Number of protein chains: 2
Amino acid sequence: MKVLIVGSGGVGTIAALALSTNGGAEVTLVVRSDYDHVVKHGYRISSTKYGEISGFRPAHVAPSVQQAAENGPFDYIVVTTKNIPDGPSPCEEIIRPAVTKESTIVLIQNGVGIEGPMITEFPNNIVLSGVSHIGSTNIDCHVVNKGQDRLFLGVFPNPNVDAALAEQKVETFILLYQVPGVNLITRDPDVRQTRWEKLVYNAVMNTTTTIVDLDVNRCQITGANEALFEPAMHELTAIAASEGVTIGTDLHHKFKHIGDGLFYTPSMLVDSRKKQLLELEVILGNPLRIAKKNGIHTPVLSTLYLLLVMVQFRIKEQKGMVQIDPKDYQGDSDKYPEIFKAKQK
Amino acid sequence: MKVLIVGSGGVGTIAALALSTNGGAEVTLVVRSDYDHVVKHGYRISSTKYGEISGFRPAHVAPSVQQAAENGPFDYIVVTTKNIPDGPSPCEEIIRPAVTKESTIVLIQNGVGIEGPMITEFPNNIVLSGVSHIGSTNIDCHVVNKGQDRLFLGVFPNPNVDAALAEQKVETFILLYQVPGVNLITRDPDVRQTRWEKLVYNAVMNTTTTIVDLDVNRCQITGANEALFEPAMHELTAIAASEGVTIGTDLHHKFKHIGDGLFYTPSMLVDSRKKQLLELEVILGNPLRIAKKNGIHTPVLSTLYLLLVMVQFRIKEQKGMVQIDPKDYQGDSDKYPEIFKAKQK
């Protein structure tokens, strides 16, 4: 069996480690900016469960998906990159060079609706949902993993593929990934439930902390639990309910208190502080499009979303991904979005 | 007649210039950080209406209100500082050393409800409302004033004072301030109307641009006019209506387009970029307290407000005005606001 992992952050590197430790598959990891370092020195891993490891490298390391494809074809393509459909490299474009008829695509990423573009692009490939609860960061090739690597793996429904075969792909991946006593990978019987539950945290805490540039506990010091987090979670839960996913208010309580005392910086805030693009559309844009479709009133989340669209725009301009020439924007400001759209083409 | 001006920003320096040019009053200007420079060199003024002036100084310059008081007693105390009731120096504390029984207090400041703390502290003094439409900045003692100095002057209702006398104080101040053909100071027959109208801009544009750190036109490029500014203005107008102040939607249109093509940075955004405290409570906090009292639903403005409370907290921590020791915040995060309050005392 051959597995390609695209995305070498905290989740992808540990996935490479898990699969390599298990030994059932030949692993290729795509590493972009750190390629030279990883080829020479490998990763340093500091994990409470996997242990302290230096010089970790999977069987193959490749600087691009294109070059990784030479080690294929792959039975599984595991995507652990950030998911930014409004950025220059949507995930389906990133993995395209490696996708073959037989590839099962595993999206270990946050958000809802992430399977949509994948299934549109690769309608006959099986696409699996991975929801990771891990707590792992990769900073300059030092991977620090404090939580247990827990992965919930299920099938994104797709009428074009054989459902029984898809379930078999889940079982096989579990067998390839599991390291008994170390990680915990389980079949996810309800992909939607799992994703919407994680979203209750991400759509509220990641977004708010990013907008105001403060960690979770500092927001809570100003009274955010009652004033903002609870009403926003309530709206998110209502959207989930409109899709038939029931989320209890006990989960609101859990998520408001899961970081008590930790002064935790959610991943989106980490990204904005590094001036990197935000996973805004899969975490908040897609849920709000569902809300609109189902007629759910979401004034708080919609306001957070609109503000984050502006923050995303700011980051894109800072990165030079969009250019604004004031000369182009001198007339009726109602027309600025159209002008911008035309100029970006 | 003696006039004290407290606050030497773009509005205060031009007020000193207007009163000095008119010549009817002896002007004392409080200048804090730039005191030495102003004593030696005065201000450079670049004004489309007042002209190009170098070395401007009013009759007296004082480094503090305490020292300015030696030039008193004052007939008028004009307050042109930022109004930050949640900061370390509320306006009534700032001017206290200069206030006498006879002082008429003139608040040339943004926001609603600003007269409340003044009248509470000085219940028998006449307090006037000044709403300035000027377009003036003071950067390092160079005052650039592009718009005409238009000032609307009226009376804040106060049952403790003689209404006719208060109107007379308005008329007298107009006579002292006016410079025919240069500025335009007029009696404001409806202080509340004028203040709520200006608030339609400030409560929406100042707040949004500050939260996302983008100028007005850049927000509009992302679609803010329709998606955020209009709904937020609608809420603000509803609050005004609940107080008996009618604002037409033509004003929404005017304010959405008043800055077309200017890539304007509202004053609150200027403050946040300088890491200075925001005039949040008078511009948004007070209107929302009125909304709550009158049962007006304001989900968008309330969300903006809660986010700005967090931004204000961030600025206070950056300035060293609040200290957070994580050791103090280890238990139930619902209790963090109480802990914070207790620690700050």
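Among the contacts in chain A of this predicted model between residues at least 6 apart in sequence, 71% join residues at least 24 apart. The secondary structure of chain A consists of 14 helices and twelve strands. The radius of gyration of chain A is 20 Å, close to the 20 Å that the globule rule gives for 345 residues, so chain A is as compact as a globular protein of that length. The C-alpha trace of chain A spans about 60 × 50 × 40 Å along its principal axes.

Of the 345 residues in chain A, 56% are buried. The accessible surface of this chain comes to about 14300 Å², and carbon and sulfur atoms account for 52% of that area. Chain A carries 33 positive and 37 negative side chains, with the centres of the two sets 3 Å apart.

In soluble globular proteins, nonpolar side chains tend to be buried together. In the present model, the largest nonpolar core has 152 residues, and those with the most contacts inside this core are Trp196(A) and Trp196(B). When residues up to four places away in sequence are not counted, Trp196(A) touches Val112(A), Leu236(A), Ile239(A), Ala240(A), Glu243(A), Val245(A), Ile247(A), Pro287(A) and Ile290(A).

Helix α10 was examined in both chains. In chain A, helix α10 covers residues 249–257 and contains His252(A). With a relative accessible area of 1%, His252(A) falls under the 20% limit and is therefore buried. Apart from neighbours within four places in sequence, His252(A) is in contact with Val200(A), Glu230(A), Met233(A), His234(A) and Thr237(A). In chain B, the buried residues of helix α10 (residues 249–257) are Leu251(B), His252(B), Phe255(B), Lys256(B) and His257(B).

Gly130(B) is found in strand β8, which runs through residues 127–133 of chain B. The relative accessibility of Gly130(B) is 0%, so this glycine counts as buried. Gly130(B) touches Leu107(B), Ile108(B), Gln109(B), Leu151(B), Phe152(B), Leu153(B) and Arg195(B), again leaving out residues up to four places away in sequence. Between Gly130(B) and Asp36(B) there is a separation of 94 residues in sequence, and their C-alpha atoms are 29 Å apart in space.

Technical notes
Residues are numbered from 1 along each chain as its sequence is written. Chains are lettered from A and ligands numbered from 1 in the order in which they are written. This is a predicted model: local features need pLDDT of at least 70, side-chain atom pairs count only at pLDDT 80 or more; totals for chains, interfaces and linings use all residues. Side-chain values use heavy atoms; hydrogens and water are left out. Helices (H or I, at least four residues) and strands (E, at least two) are DSSP runs, numbered from the N terminus. The radius of gyration is taken over C-alpha atoms; the globule rule is 2.2 Å times the number of residues to the power 0.38. Buried means under 20% relative accessible area, exposed over 50%, partly exposed in between (1.4 Å probe, protein chains only). Contact means heavy atoms within 4.5 Å. Accessible areas come from the Shrake-Rupley method with a 1.4 Å probe; for residues, only the protein chains shown count as cover. Lys and Arg count as positive and Asp and Glu as negative; His and the chain ends are not counted. The place of a charge is taken as NZ of Lys, CZ of Arg, CG of Asp or CD of Glu. A nonpolar core is a set of buried Ala, Val, Leu, Ile, Met, Phe, Trp, Tyr and Cys residues joined through side-chain atoms within 4.5 Å.
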